[in-house]
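The following questions and answers concern the structure shown below.

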Amino acid sequence: MFDVALLFIIAFVGGIIAIIGFFVILGRRISEPKKVLQQRIEKLEEEVWKLKNQK
């Protein structure tokens, strides 16, 4: 009986870890394009600032 309970607990903990890992990966995939877009915006703002200050 103890063996069955131990296997169930291990399977349950493994499932929880898998679900957490899935959401972490999903969160990174969602936030990564935002980082790239933010870098492009910062680069464009810097170029605009340089062009304004050339005059």
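Buried means under 20% relative accessible area, exposed over 50%, and partly exposed in between, with a 1.4 Å probe and protein chains only. This is a predicted model, in which local features need pLDDT of at least 70 and side-chain atom pairs count only at pLDDT 80 or more, while totals for chains, interfaces and linings use all residues. Residues are numbered from 1 along each chain as its sequence is written, and side-chain values use heavy atoms, with hydrogens and water left out.

Q: Is Ile16 buried, partly exposed or exposed?
A: Ile16 lies in helix H1, residues 2-54; helices are DSSP runs (H or I) of at least four residues, numbered from the N terminus. The relative accessible area of Ile16 is 37%, so this residue is partly exposed.

Q: What percentage of the residues in the protein chain is buried?
A: The secondary structure of the chain comes to 1 helix and 0 strands, a strand being a DSSP run (E) of at least two residues. The C-alpha trace spans about 85 × 10 × 5 Å along its principal axes. Of the 55 residues, the buried share is 0%.

Q: Which residue forms a salt bridge with Glu46?
A: A salt bridge requires a side-chain nitrogen of Lys or Arg within 4 Å of a carboxyl oxygen of Asp or Glu. Glu46 is partly exposed, because its relative accessibility is 44%. With the closest N and O atoms 3.4 Å apart, the partner of Glu46 is Lys50.
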